[in-house]
Amino acid sequence: MNTDLLIVGGGPAGLNAAYKAASNGVKTTVIDKWFTLGGQLKQQTQFYNNLPHHFSKQRGFQLADHLVDRLKALDVWILENHTMIGAYQDGNVGVTDGSDTFPVNAEKIMITTGAMEEPEIFPGWTLPGVMTAGAAQILINRERVLPGERALILGSNDFALEVASQLHDCGIKVKGIVESGSELLCQNDELAVKMRDADIPVLLNSVIESATGKGEVEEVYVSTDGSKSLYDVDLICIAKGMTPILEPFEIMSCDFTYQAKLGGWLPRYDSTFKTTNPSVYIAGNAAGITSMGGILLTGEMAALSVLQALNATSSEKIEKEKQYLWDELYRIESTENRSVRDARLDVIKDLHYETGVQLPAYLDSVFGGLING
Amino acid sequence: MDKSTIVCRCEEINIDEIESAINMGAHTFNDIKRLTRCGMGPCQAKCCMNLVRQIISDKTEQPLSEIKPLRMRVPLGVTRMGALAGNQASSVASVFGESAEEGEPDHE
Amino acid sequence: MNKNYDVIVVGSGVVGSSIAYHLSEGKRKEILTIDKNFPLSGTSGSTQAWVWVHNKTPAWYGELSMYSAELYPFLERKIGDVEYKRTGGIAPFFSESDREKALKLAEKQAEAGIKVEVLSRDEVLEKEPALSPNIVGATYSKIDGNVNPFRLIELYVKAARKNGVQFSFYNPVTDIAKENGMFKVTTQDGEYFSNQLVLAGGPWSKSLGKFLGIDVPIKQVRGQIIVTEPLSPFLSHTIGGMRQADNGEVLIGYSKEEVDYDRRSTLDIIQDTARMAIDFVPALEKANVVRCFSGIRVMPEDGFPILGEIPGIENGYIAAMHSGITLSPLVGTLMTELLSEGETSIDLERYSLKRFNTIRSIG
């Protein structure tokens with residue numbers, strides 16, 4: 001099959017990009033390996049109050065519905081339950097629907113496959129009852145199944161506390177947040193307050209020494225500054241952060257770079273969100289772990305770059321729009337995760353430095369001293 | 001940590017086995033994988049990728065930024081042979097036909 | 001690490017590791033093996049690892065393969081369990097016109113002492129019921145089998161180390177020169193000297209040869225392979241095109257592409273291979289494919305091993321061949337004879353680099 005733009009991954013970045021591209025007349029196809037679009041946003045019940053100005057504040061699953069619904073009026077081809085599994089010699093993407101595998105010939109490909117949760121191991125981590133925080137969240141918010149009764153959360157970032165709070169709201173007794181460092185990683189004060197109000201203790205300088213049980217987690221030893229205490233829990237949620245999914249980019253022969261602040265290894269990309277493969281664009285968490293605002297904005301910016309590359313709309317208009325989006329990204333990432341903002345800029349600068357292509361002037365004005373500093 | 005702690009669930013490879021491969025001289029995930037089968041199972045190292053990179057970093061004292069991801073392979077996700085073969089007509093490749101003439105079958 | 005050795009072997013794949021191991025058995029030589037990467041990172045770690053004899057022709061090449069296959073059980077006694085299995089090999093054909101070719105092959109191989117049978121459809125299906133009923137017949141030989149390449153190379157290296165061989169990994173050779181009768185091998189990590197030098201660089205032999213001013217007439221050929229999830233044992237033979245490993249995985253592939261050193265898997269070939277798999281064994285249609293890999297194989301220009309002294313370069317030797325897994329036990333043995341005694345129990349004349357007439361001055 002043929003399309004102008006193939007978007008791999010129908011989460012918030014891909015959906016927002018599809019909207020932008022299709023509403024400017026680009027023949028757009030979105031594939032997603034799951035049966036429904038929305039990605040991980042589908043089970044986010046929390047309220048997002050730091051979104052770009054052109055989005056209203058809302059809960060995650062509502063935002064997912066909004067992103068999907070507004071595509072309905074547009075000429076976007078949506079292929080659910082379709083997975084990118086490889087590439088052909090000529091660079092076409094290979095897609096399977098479970099019964100056939102076929103090439104998709106696209107002018108441009110945007111990969112928005114997001115990120116995956118980082119595991120952490122300890123003796124007993126393979127027991128049933130140990131899962132990632134994201135998995136626990138899918139169980140409670142999507143499957144409507146309680147993953148346990150008494151839980152420990154391993155990790156103390158925003159997502160760890162968010163899930164702790166959601167578990168608590170479902171009636172699960174959260175017996176502690178286990179953090180190996182000497183301070184809470186969560187930047188969201190509201191969540192920290194919620195932990196206190198809910199009587200959920202934060203165990204700093206602590207690690208899970210072991211989990212044991214007959215066929216599932218029953219007892220967990222937590223070591224705090226060398227002293228051990230026993231927890232009677234049947235659920236351990238691991239929330240040690242996320243790392244960009246790399247596989248589709250490797251298949252498309254994109255180069256990678258390492259940026260700890262963006263989640264580790266990730267594809268290299270420039271200020272247009274183009275990777276080192278000139279046909280392949282990137283957005284969302286795949287381009288570095290960020291906030292929901294960052295995910296939406298990078299999707300939109302990458303789509304604008306595709307429009308530009310396909311000469312689909314006036315370049316002047318696009319540049320103006322991009323400037324607004326960069327301003328928004330700067331605003332949101334400056335309040336939420338400055339280190340992500342700076343690391344992203346490093347990735348972009350690095351590739352521009354190598355290719356000798358000048359950074360657009362508006363990036364200079366947005367980032368000011370950061371560009372040359 | 002207890003060296004018998006599993007790192008790769010798919011192939012049930014523990015810390016000790018990975019460290020043994022490193023002791024034999026393997027310093028990349030790809031090389032450790034071929035010695036131990038760590039990361040070779042159904043999930044194709046989706047879970048153990050960064051766990052193994054961390055162990056390599058600890059043992060060889062290289063920063064994580066120097067330790068590359070392993071080579072990621074087609075198909076991305078387990079795929080049924082029939083789906084891979086697709087709906088096209090088959091083209092039988094007779095190994096016999098070719099090799100009998102050339103005396104050179106492949107893949108040995 | 002020492003700087004001076006009796007022998008330096010460049011390349012620690014199945015061929016280089018086998019040569020280093022067999023050389024070390026005498027425990028009289030100081031040996032260094034250098035690899036630009038790590039054992040198994042190249043060709044030897046990306047193969048189905050058949051030990052395949054039965055349609056190697058002409059007779060003198062068939063014989064070389066046969067003797068090597070015969071050495072496997074003894075090798076296993078010496079270095080440990082490499083999961084060598086003499087499963088017997090079946091090469092199916094799908095058209096009646098191939099039967100005549102098959103009979104000719106059997107006749108020719110009989111001269112070399114390799115017993116090849118031509119099976120009818122029913123005989124094939126009796127031996128291997130999972131094969132497709134569309135098969136018309138097959139050639140069959142008991143001597144074929146397969147090995148676990150990961151264990152094989154690992155155990156070559158371990159046994160060699162035990163005998164005192166030094167290994168230097170992740171260390172590319174950047175130059176080779178001859179100084180005062182000694183080889184000076186310059187690597188990323190430093191210079192090493194030796195009396196004798198063996199080039200065992202597999203598909204990378206061409207660039208090693210260049211250091212010595214010689215052209216090694218080989219091509220790089222990519223082969224792509226599909227691996228299934230572990231399935232309960234149902235294929236008991238090595239089939240021309242696939243085999244089932246001890247852990248139940250089925251390895252399938254029979255492709256050849258000249259794409260330089262590009263090791264990507266492409267769906268063009270993978271889909272063809274999947275179709276071949278189902279044509280051969282219909283039940284594989286329902287099997288899950290977990291991964292694919294590809295390897296760059298050596299293909300000497302005339303197809304036959306390049307083995308022995310490097311003409312014009314005293315004490316310089318080369319071993320570059322397709323089918324390194326099949327041939328490694330014998331190649332290690334013969335090269336040890338050559339380096340130690342100057343002569344070999346099987347005449348290597350026809351395998352000499354001389355036959356290509358491509359030697360340039362060594363400068």
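In the predicted model, strand E3 of chain B and strand E16 of chain C (residues 288–300) pair in the antiparallel sense over 2 bridges, pairing being assigned if DSSP finds at least two bridges between two strands. Within E16(C), Val289(C) is the bridge partner of Thr79(B). Helices (H or I, at least four residues) and strands (E, at least two) are DSSP runs, numbered from the N terminus. Residues are numbered from 1 along each chain as its sequence is written, with chains lettered from A and ligands numbered from 1 in the order in which they are written. Local features of this predicted model need pLDDT of at least 70 and side-chain atom pairs count only at pLDDT 80 or more, whereas totals for chains, interfaces and linings use all residues.

Contact between the chains (C-beta atoms, placed from the backbone, within 7 Å) involves 37 residues of chain B and 63 residues of chain C. On the chain B side, two or more residues each come from helix H2 (29–36), strand E3 (79–80), helix H4 (81–85) and helix H5 (95–102). H5(B) gives the largest share, 6 residues.

Chain C contains 8 helices and 18 strands. Its C-alpha trace spans about 65 × 40 × 40 Å along the principal axes. Of the 363 residues of chain C, 57% are buried, that is, have 20 or more other C-beta atoms, placed from the backbone, within 10 Å of their own. Among contacts in chain C with a separation of 6 or more, 74% join residues 24 or more positions apart.

Definitions and conventions. Buried ≥ 20, exposed ≤ 12 C-beta atoms within 10 Å, placed from the backbone. Contact = placed C-beta atoms within 7 Å.
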